[in-house]
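Welcome, and please take a look at the sequence and structure below. The notes that follow walk through a few local features.

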Amino acid sequence: DKAIACFKRSIELARLIPDPIEESRALHNLGYLYLQLGGESELAEATTHLWAALKARRGRVREEWETLGTVFAVRTRYRVPFGGLDGDERLLAELTALAPKLVAAEEFDRALETYDYIFELLSHRPGCPIRMLIDHTESALALAEQTWWRSERLAAQHHYAQRIATLAARRAFLGCWSGEPA
């Protein structure tokens with residue numbers, strides 16, 4: 001309760017100054033705290049605060065990514081099929097719009113993580129065509145391969161090689177699932 005009160009006070013102070021960036025950070029942190037508490041009412045509070053935080057974080061792709069990633073984390077706590085909650089399609093659209101911004105900002109790890117979030121949402125969307133999952137996976141795989149080629153450090157190449165292997169396995173599985181010839 002004390003942490004919640006402190007974050008709410010931070011939001012009030014940021015609004016008084018006014019400092020929308022600090023307000024958005026306090027809103028995000030309060031949303032994250034509610035996520036950690038994890039009850040159904042806390043998850044609803046988390047969602048409200050995180051969407052509010054996103055407004056002032058627009059244009060700062062790392063902070064957009066951080067907030068949308070936390071909204072995604074909240075969403076995954078609900079045991080409701082995709083499309084069963086208000087905001088599901090909005091979250092998917094926001095993540096889909098964010099991925100190319102992350103690539104343009106050369107935030108490749110965050111972009112690949114965003115591709116994973118999108119895949120998770122799409123794969124749980126009722127009636128999602130397998131072709132859409134395959135196309136999405138191929139896009140993520142192409143980005144991972146491109147990033148591997150651009151990497152100069154051996155550790156970075158190893159990291160992206162692991163991503164490539166995971167995405168290639170996902171692509172192969174989806175191909176088998178769709179009935180593509182081996």
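## Helix α1

This is a predicted model. In α1, the buried residues are Ile-4, Ile-11 and Ala-14. Looking down the axis of α1, its buried residues fall within an arc of 90°, so they line one face of the helix. Part of what covers them comes from α2 (20-37). The face turned away from that buried side carries Lys-2 and Leu-16, which are exposed.

The length of α1 also works out: at 1.5 Å a residue, its 15 residues (2-16) should span 21 Å, and its end C-alpha atoms are 21 Å apart, which agrees.

## Backbone points to check

Most residues other than glycine have a negative phi, and most peptide bonds are trans. Two spots here are worth a look with that in mind. Ile-17 and Pro-18 are joined by a cis peptide bond, with omega about -15°, and Pro-18 is in the loop between α1 and α2. Glu-106 has a positive phi, near 60°; its place is the loop between α5 (88-104) and α6 (108-123).

## Aromatic rings and charges

There are three aromatic pairs in the structure. In one of them, the rings of Trp-148 and Trp-149 have centres 4.9 Å apart and planes at 85°, so the pair is edge-to-face. Another, Phe-173 with Trp-177, is tilted, at 6.0 Å between centres and 35° between planes. Phe-173 and Trp-177 sit four residues apart in helix α8 (residues 154-178), about one turn.

Two arginines meet rings as well: the charged end of Arg-110 sits over the ring of Trp-65, 5.1 Å from its centre, and Arg-170 lies over the face of Phe-119, 3.9 Å from the ring centre.

Notes: Residues numbered from 1 in each chain as written. Predicted model: local features only at pLDDT ≥ 70, side-chain atom pairs only at ≥ 80, totals over all residues. Heavy atoms only, no water. Helix = DSSP H or I, 4+ residues; strand = E, 2+ residues; numbered from the N terminus. Expected span 1.5 Å × (residues − 1). Buried < 20%, exposed > 50% of the residue type's maximum accessible area, 1.4 Å probe, protein only. Arc of directions from axis to C-beta. Contact = heavy atoms within 4.5 Å. Phe/Tyr/Trp six-rings, centres within 6.5 Å; stacked < 30°, edge-to-face > 60°. Lys NZ or Arg CZ within 6 Å of the ring centre and 35° of its normal.
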